[in-house]
Amino acid sequence: MTITNQIVEPSALARPSTVIAPELLGCYLVRRLSEVEIIRGLIVETEAYAPGDPACHGYKKRTERNDVMFGTAGRGYVYLIYGMYHCFNVVTDGEGIPSAVLIRALLLDSLPAKTAAGPGKLCRVMQIDRSLNGVILQPNQPLWLEGRTPAFVQQLAAGAISFVQTTRIGLTQGTDLPWRWYIKNCPAVSKI
DNA sequence: TGACTGATTGGA
DNA sequence: CCAATCAGTCAT
């Protein structure tokens, strides 16, 4: 029996967000809502935010809001946008380096592809809000990451699955940086 | 303490 | 194209 759904340990995320962002495609974001209810979403779209990037919340200085981004890798950075939606990020790289990967879209089992096609929509369906800001991403917590399945790895190697790298969406700054990645031809991606 | 803004979304 | 809606940020 092949081992699947291995945990993505926080230590595995201690590298630049521009490296981690494409690596997270095909991995799973797992949310425990109660003793008996778990939601699992395939990550199909990501964006990287990094030091020197004017769109990064940590671009200017460390503040109460962006503090988690500056911390160690493997925590969740959650913030409120436009007063009504939350965005979920995976903190990457080392202590003191403002770096994170925004999870932009998930493909969920037994739900329409568009249900979590967008950062605000996926936080709504996964019930992620600022109470989860700073959460350590591991299985004894309400939120964690699991790796690609052997089937995904095999299809990627065979070319049956491929990735697209483009510029980020919805920004007013840093629009030239090609730091968005998504799974080609996946209906759950927010925009093409 | 006040004005302005935004890594979004859905509807006109 | 535009409004909804509010915490964070920065200027007074």
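1. DNA strand C is surrounded by Lys60, Lys61, Thr63, Arg65, Tyr82, Gly83, Met84 and Arg130, where a residue is near a molecule or strand if one of its heavy atoms lies within 4 Å of it. By class, this surface has two nonpolar, two polar and four charged residues. (Ala, Val, Leu, Ile, Met, Phe, Trp, Tyr, Cys and Pro count as nonpolar, Asp, Glu, Lys and Arg as charged, and the others, Gly among them, as polar.) Please keep in mind that this is a predicted model, in which local features need pLDDT of at least 70 and side-chain atom pairs count only at pLDDT 80 or more, while totals for chains, interfaces and linings use all residues. Residues are numbered from 1 along each chain as its sequence is written, chains are lettered from A and ligands numbered from 1 in the order in which they are written, and side-chain values use heavy atoms, with hydrogens and water left out.

2. Which part of DNA strand C do the atoms within 4 Å of the protein belong to? Sugar or phosphate holds 72% of them, and the rest belong to bases. Tyr82 has a polar backbone atom 2.3 Å from a base oxygen of DNA strand C. For Arg130, an N or O atom in the side chain is 3.4 Å from a sugar or linking oxygen of DNA strand C.

3. Now to DNA strand B, which has 22 residues around it, the closest being Tyr85, Asn89, Gly118, Gly120 and Leu171. Sugar and phosphate account for 49% of the atoms of DNA strand B that come within 4 Å of the protein. A polar side-chain atom of Tyr79 is 3.0 Å from a base nitrogen of DNA strand B. On the phosphate side, a polar backbone atom of Pro119 is 3.1 Å from a phosphate oxygen of DNA strand B, and a polar backbone atom of Lys121 is 3.1 Å from a phosphate oxygen of DNA strand B.

4. Which elements build the surface near DNA strand B? Strand 3 (76-81), strand 4 (85-91), strand 5 (100-108) and helix 3 (119-125) each supply at least two residues, and the largest share, four residues, comes from helix 3. Helices (H or I, at least four residues) and strands (E, at least two) are DSSP runs, numbered from the N terminus. By class, this surface has twelve nonpolar, seven polar and three charged residues.

5. The largest pocket is worth a look too: 32 residues line it, and His57, Tyr79, Ile81, Gly170 and Leu171 lie nearest its centre. Strand 2 (38-49), strand 3, strand 4, strand 5 and helix 3 each give its lining at least two residues. By class, the lining has 17 nonpolar, nine polar and six charged residues. (On a 1 Å grid over the protein atoms alone, a pocket is an open set of points where a 1.4 Å probe fits, with protein on both sides within 12 Å along at least five of seven lines; lining residues have an atom within 4 Å of a point.)

6. In helix 1 (residues 17-24), the buried residues are Ser17, Ile20, Ala21, Pro22 and Leu24. Buried means under 20% relative accessible area, exposed over 50%, and partly exposed in between (1.4 Å probe, protein chains only). Their cover includes strand 2, strand 4, strand 5, strand 6 (143-146), strand 7 (163-166) and strand 8 (180-183). Helix 1 is followed by Gly26, whose phi is positive, near 90°.

7. Thr167 sits in the loop between strand 7 and strand 8 and is partly exposed, with a relative accessible area of 37%. Thr167 and Pro178 are eleven residues apart in sequence and 3.9 Å apart in space, C-alpha to C-alpha.

8. Is Arg168 buried or exposed? Arg168, in the loop between strand 7 and strand 8, counts as buried at 5% relative accessibility. A polar atom of its side chain lies 2.9 Å from the backbone oxygen of Ala48, and the side chain of Arg168 reaches the backbone oxygen of Gly174 at 3.0 Å.

Methods:
A polar contact is a pair of N or O atoms within 3.5 Å; within protein, one must be able to donate a hydrogen and the other to accept it, and residues adjacent in sequence count only if both atoms are side-chain atoms. Contact means heavy atoms within 4.5 Å.
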